[in-house]
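Trainee: I've got a structure open and I'd like to learn how to read it. Could you walk me through some features?

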Amino acid sequence: MEEEHFDFVVVGGGHNGTTIAAYLSRCGHSVCVLEARPECGGGQENTEARPGFRIDPHATYLYGAAAPGFEQLELWRYGFRQVYYPSMAGLATLDGKAANLGGRFTPGLAEESLRAIGVEPAGGGEIFQTLGPAAIKELLRALFWTPPHPPDADVEPGDQPWWQVFRKHLGGVYSDRLTEMSYVDFLDETVPWEPMRAFAAFGAWYCGAHPAWDGMLLQSLGGTLLYSYSSGSPRGGIHTYAHSIIRAALAKGTRILTNAPVGEIIVRNGRAVGVRLDDDAAFPEKTIWADKAVISAVDVQRTFLDLVGRQHFDAGFAQRVSDISLKGGSLYVLSVICRELPRYHGREEWFPEEVYPSCVITPVDSMENFNAQTRDAYSFKRMPDKLTPEHLTMMVCTHDVYDPTRCPEGYHVLSPIYLECPPPEYDVTGPEGWNRRKDEVTKAALTLLGEVAPNMRGANIVEVFVNTPLDSEFRNAGMTGGNWYAARQDADQWASNRPLEELSRYRTPIENLYMCHQTMHPGGLCLMAVPYNLMHILIDDGLVEPGSWWYPSPWYMNDRGSVAGAAS
């Protein structure tokens, strides 16, 4: 039997596993990453379903531009290149309205476009337009790039880091009532035009915390602020982001083994000491020892119930792990190769190629569109009996307008086109429910696209590719149920509650076993946030001593209740 020793062994080579490896190797430690699939990167995948046409089965935008990891890991040295988009978003309704909402670099475009269709651009959005990029970055880092406070810390909701930043920049708007609100409540009170409310609600849902959950106003809004702050995507597709992280890890000495599923995390006397590879691994009968720690970058349920085993912890903990809700959203994903960009109701004057929205949410005629899909995903847990527009609001993404590497000249790729739906494990018709009606759903979605953009019919559509939620889970085992944030992101599973109080600081009941997966705080999206937050804990536990390149979150509270520094 072969044996090897490393300081750290990382189980899982997705976004979080490779990022923590890059951090640890930069600290001078020996690190081994074990990935079950033939390639690392997890949801940071692009594929050429047809030669020359890059489509996105999972992640599509860069949400993590505010991440300290870009500076700390020096990703520009390893090939990372960002493309910034002049217009990030637009909306279209079935009754003939279309608006280009611009983005970070075209601040006046939304007002001009809305007024052209008779809508006065007033409401809650104006509050956040007063936040410049520096303030938005500060708010995002407080929300996502700060480890949760210790569960026993006595902190009022309004004193959480994100509300501290909100008060700093928007003190005249703040009230304790905001900490209890949902984003939908906020939109109802501040945004008068209903299609804009529906657009904002869908945008938040696609980006993270569901906007109807109480007490999650800033977390829901924060997902859309991540998207707008980044204002683009890596050149060549999201996989180039993954490759830059992997190269950063390899350059510092990380060893990565692919086709290497782990069969067991070895625990001796209550301490994680290494892993044993599965019999199906390319290196069977191989044991890899961890002299400092094992870090699991696979979901919390598989980590404890499968890899560690119930014999190493009490029955109560096992039950709490089993009960963690995975009832987040899932996605039905289409990719369309076409010859012309969608012309939404013929409004070419607001959708010229130089400021064409990279993402259009449609149709958003009323909040019933949003409510209907929420009921389908969370209450009915099935595909609707009738595939009407209310149940089929789509997020249509078009990257190649600004990134010519995505497809050959003369063509466009609408990828991805997202439809919200329940995870297959929770579908009342069975995990293959959406697969059984795949042709029907795809036809209905394309028919609806042709209604809001009449040129999206006939010969304009060259080819269509589909990923159902079950397909996504099959392609990428880390995306349980095709769910990009792995576990529900409501107040019961956020911050010091995510996913359980005793796990919220990335430590586990097993000594020297740590968690680094999107089931942990803050959740999904390719943010480099979970690894950055975990680094704080590893440093406090005496396992890591980074160099001067490292800086902690100023809001980080250690186990003694000391805060790293004053928020600035």
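This is a predicted model: local features need pLDDT of at least 70, side-chain atom pairs count only at pLDDT 80 or more; totals for chains, interfaces and linings use all residues.

Trainee: How many salt bridges does a search of the whole structure find?

Mentor: It finds 29 salt bridges. Take Lys286 and Glu4: their side chains meet in one, at 2.9 Å from N to O. Lys286 sits in strand 12 (residues 286-296) and Glu4 in strand 1 (residues 2-11), so you're looking at a link between distant parts of the chain, 282 residues apart.

Trainee: Is Lys286 buried or exposed?

Mentor: To call a residue buried, we want under 20% relative accessible area; exposed means over 50%, and partly exposed is in between. Lys286 has 3% relative accessibility, so it counts as buried.

Trainee: Which residue forms a salt bridge with Asp490?

Mentor: That's Arg488, with the closest N and O atoms 2.7 Å apart. Both Asp490 and Arg488 are buried.

Trainee: What does the salt bridge between Arg505 and Asp559 tie together?

Mentor: First find the pair: their closest N and O atoms are 3.0 Å apart. Arg505 lies in the loop between helix 16 (469-475) and strand 18 (513-515), while Asp559 lies in the segment after helix 17 (529-540), so the bridge ties together parts that are 54 residues apart in sequence. Now check the cover on each partner. Arg505 counts as buried because its relative accessibility is 4%, whereas Asp559, at 45%, is partly exposed.

Trainee: Which residues gather in a patch of negative charge on the surface?

Mentor: Look for Asp154, Glu156, Asp176, Glu180, Asp185 and Asp214. Asp154 is in the loop between helix 5 (133-143) and helix 6 (161-170), and with 75% relative accessibility it counts as exposed. Asp185 belongs to helix 7 (residues 183-190) and is partly exposed, at 32%. Asp185 and Trp213 are 28 residues apart in sequence, and their C-alpha atoms are 9.5 Å apart in space.

Trainee: Let's go inside. Which residues touch the most other members of the largest nonpolar core?

Mentor: A nonpolar core joins buried nonpolar residues through side-chain atoms within 4.5 Å. The largest one here has 187 residues, and Ile20, Leu34, Trp145, Tyr241, Ile295 and Tyr344 touch the most other members. Helix 8 (residues 194-207) supplies the largest share of this core, 9 residues. There's also a second, separate core of 6 residues, including Phe53, Ile55, Cys407 and Phe465.

Trainee: What about the backbone? Where is the cis peptide bond with omega near -15 degrees?

Mentor: It runs from Arg498 to Pro499, and Pro499 is in the loop between helix 16 and strand 18. Another cis peptide bond joins Ser415 and Pro416, with omega at about -5 degrees; Pro416 is in strand 16 (residues 412-421).

Trainee: What is the phi of Ala495?

Mentor: Phi is near 55 degrees there, a positive value in a residue other than glycine. Ala495 lies in the loop between helix 16 and strand 18, and it is buried, with a relative accessible area of 10%. Met528 isn't a glycine, yet it has a positive phi of about 60 degrees. You'll find Met528 in the loop between strand 18 and helix 17, and it counts as buried because its relative accessibility is 1%.

Key:
Residues are numbered from 1 along each chain as its sequence is written. Side-chain values use heavy atoms; hydrogens and water are left out. Patches are made of residues with over 30% relative accessible area and no salt bridge: like charges are joined within 9 Å, nonpolar side chains (Val, Leu, Ile, Met, Phe, Trp, Tyr) within 5 Å. Accessible areas come from the Shrake-Rupley method with a 1.4 Å probe; for residues, only the protein chains shown count as cover. A salt bridge is a side-chain nitrogen of Lys or Arg within 4 Å of a carboxyl oxygen of Asp or Glu. Lys and Arg count as positive and Asp and Glu as negative; His and the chain ends are not counted. The place of a charge is taken as NZ of Lys, CZ of Arg, CG of Asp or CD of Glu. Helices (H or I, at least four residues) and strands (E, at least two) are DSSP runs, numbered from the N terminus. Buried means under 20% relative accessible area, exposed over 50%, partly exposed in between (1.4 Å probe, protein chains only).
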